[in-house]
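Subject: Structure handover

Hi,

Here is the structure I promised to pass on to you. Please have it open while you read, as my notes follow below.

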Amino acid sequence: MNPIPVNTPLLNGNELKYLTECIETGWISSEGPFISKFEKQFSAYIGRDHGIAVSNGSAALDIAIKALNIGPGDEVIMPTFTIISPVQSVVTAGALPVLVDSDPLTWNMDVTQIDAKITSRTRAILVVHIYGLPVDMDPVIEIAKKHNLKIIEDAAEMHGQTYKGKMCGSFGDISIFSFYPNKHITTGEGGMIMTNDEALAQRCKKLRNLCFEPNGPRFIHHEIGWNYRMTNLQAALGLAQLEQIDGFIEKKRDMGIAYQTGLSFLKDKGYQLPIEKTSFSENIYWVFGIIAPTIEEKEKMVSHLSESKIGTRPFFWCMHEQPVFQKMGLFKDERYPIAEKLARNGFYLPSGLGLKQNQQLEVISCIKSDLI
Ligand SMILES: *Cc1c(COP(=O)(O)O)cnc(C)c1O
């Protein structure tokens, strides 16, 4: 049996054509014409006034935090169950991440825990939409309004997902996307910042480009930024991918539904599957995660799949349990039982766009053979 990797991208559209155009015209740097095309078209797709393309999603978060002037003395409320990127951006800016536990069904931050974490130092709520379902945004928006907080929206896993019919990535004062190869559309490495605020957009542009002054004399700097520019080559890929996004999303949902059907027997064995929908959205199945009843069961299943050369990935590891943050004296003695269980018992199956139907059937039958 051939290996089934946990992710393979699909690059069957105009990717090669647009890349060839970059090579033939010599436009390979961030100055090339695909950058603004990609920025305009993707932000229009999400429904935002400004899109600022950057080198990756983590870079987008660094810029978002700094553009909102979040720094020492400030607190940002965010989930403990997340990739490290948003938390790292807050920590490196000198601010304090304040964590909340997860919702046991959607695996997103439990928004009912936000209110109790607000202090006079709270500046923002950083929501991270996890795996396929969006965070329940209405309560977040209400709390943010009441306490005059900014919303930073990490929509890195949510291209094309909606909350109550409105695009994810359209809710934050600043929102970000990633285009890593396992995301719904990819540029190899890449990211985008989105906002409706013109001044904020200009500031993000400056921060992405070493804080060169757009109108001032070149090489005179008033502030420090980064070189987080995206290349024209990446934007060429992004544009070609964006043309196919509707089909990609349909494929993701079909794949998720096929796993739901094929693996429904797992529920009788004490496993938890992703929920298909909530009152505010239908699962987009960025990845198809499952939660084993025990850690031992998970390890047994993962090694059974691995013996058949089927790739899996563990779930995120909680931020309050990260050695790096413990060493910094952060999150001492904090406990988030729901997130801890997700991190310990959860893993996800091959879910990339390049996954073929027969491969998916192999994954399902391999899981069956371990349990029946
Ligand atoms: C992938 C991802 C990121 C980071 O994006 P990169 O482009 O890999 O830096 C940030 N947040 C979430 C939720 C992600 O899934």
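A salt bridge here is a side-chain nitrogen of Lys or Arg within 4 Å of a carboxyl oxygen of Asp or Glu. By this rule the count comes to 11 salt bridges. Please keep in mind that the model is a predicted one.

Let me start with the pair formed by Glu 39 and Arg 208, whose side chains meet at 2.9 Å, N to O.

Another pair is Lys 164 with Asp 138, where the closest N and O atoms are 2.6 Å apart. This one also links distant parts of the chain: Lys 164 sits in the loop between strands E6 (162-163) and E7 (166-167), while Asp 138 is in helix H5, 26 residues apart. Lys 164 is exposed, with a relative accessible area of 51%, and Asp 138 counts as partly exposed at 35%.

Lys 206 pairs with Glu 213, with 3.2 Å between the closest N and O atoms. Glu 213 counts as partly exposed, at 21% relative accessibility. There is also a network in which salt bridges with shared partners join Glu 321, Arg 335, Glu 340 and Arg 344.

Which lysine is buried yet has no salt bridge? That is Lys 183, and the nearest side chain of opposite charge, Glu 157, is 4.7 Å away. Lys 183 is found in the loop between E8 and E9. Leaving out residues up to four places away in sequence, Lys 183 touches Ala 156, Glu 157, His 159, Ser 178 and Trp 286.

Now for helix H6, which covers residues 198-208. Its buried residues are Leu 200, Ala 201, Arg 203, Cys 204, Lys 206, Leu 207 and Arg 208. They pack against helix H2 (33-46), helix H3 (57-67) and the strands E1 (50-54), E8 (174-178) and E9 (191-195). At the start of H6, a side-chain oxygen of Asp 197 comes to within 2.9 Å of the backbone nitrogen of Ala 199. Just after H6, Leu 210 has a positive phi of about 55°.

On to the sheet, which is open and has 7 strands in the order E1-E9-E8-E5-E4-E2-E3, with mixed pairing. E1 and E3 (96-100) are the edge strands, each pairing on one side only. On average, neighbouring strands of this sheet are turned by 20° against each other, direction ignored. H3 packs on the sheet and touches E1, E4 (122-128), E5 (150-154), E8 and E9. The direction of H3 makes about 170° with that of E8. Strand E2 (residues 75-79) runs parallel to E3, and 5 bridges join the two. Met 78 has Leu 99 in E3 as its bridge partner.

Finally, a look at Asp 136, in the loop between E4 and helix H5 (137-147). Asp 136 is partly exposed, with a relative accessible area of 24%. Its side chain makes a polar contact of 2.6 Å with the side chain of Tyr 163. Beyond its neighbours within four places in sequence, Asp 136 is in contact with Val 111, Tyr 163 and Phe 280.

Best wishes

Notes: Residues numbered from 1 in each chain as written. Predicted model: local features only at pLDDT ≥ 70, side-chain atom pairs only at ≥ 80, totals over all residues. Heavy atoms only, no water. Buried < 20%, exposed > 50% of the residue type's maximum accessible area, 1.4 Å probe, protein only. Helix = DSSP H or I, 4+ residues; strand = E, 2+ residues; numbered from the N terminus. Contact = heavy atoms within 4.5 Å. Polar contact = N/O pair within 3.5 Å; in protein donor to acceptor, adjacent residues only side chain to side chain. Lys, Arg positive; Asp, Glu negative; His and termini not counted. Pairing = 2+ DSSP bridges. Axes fitted to C-alpha atoms, helices over the stretch in contact; angles between N-to-C directions.
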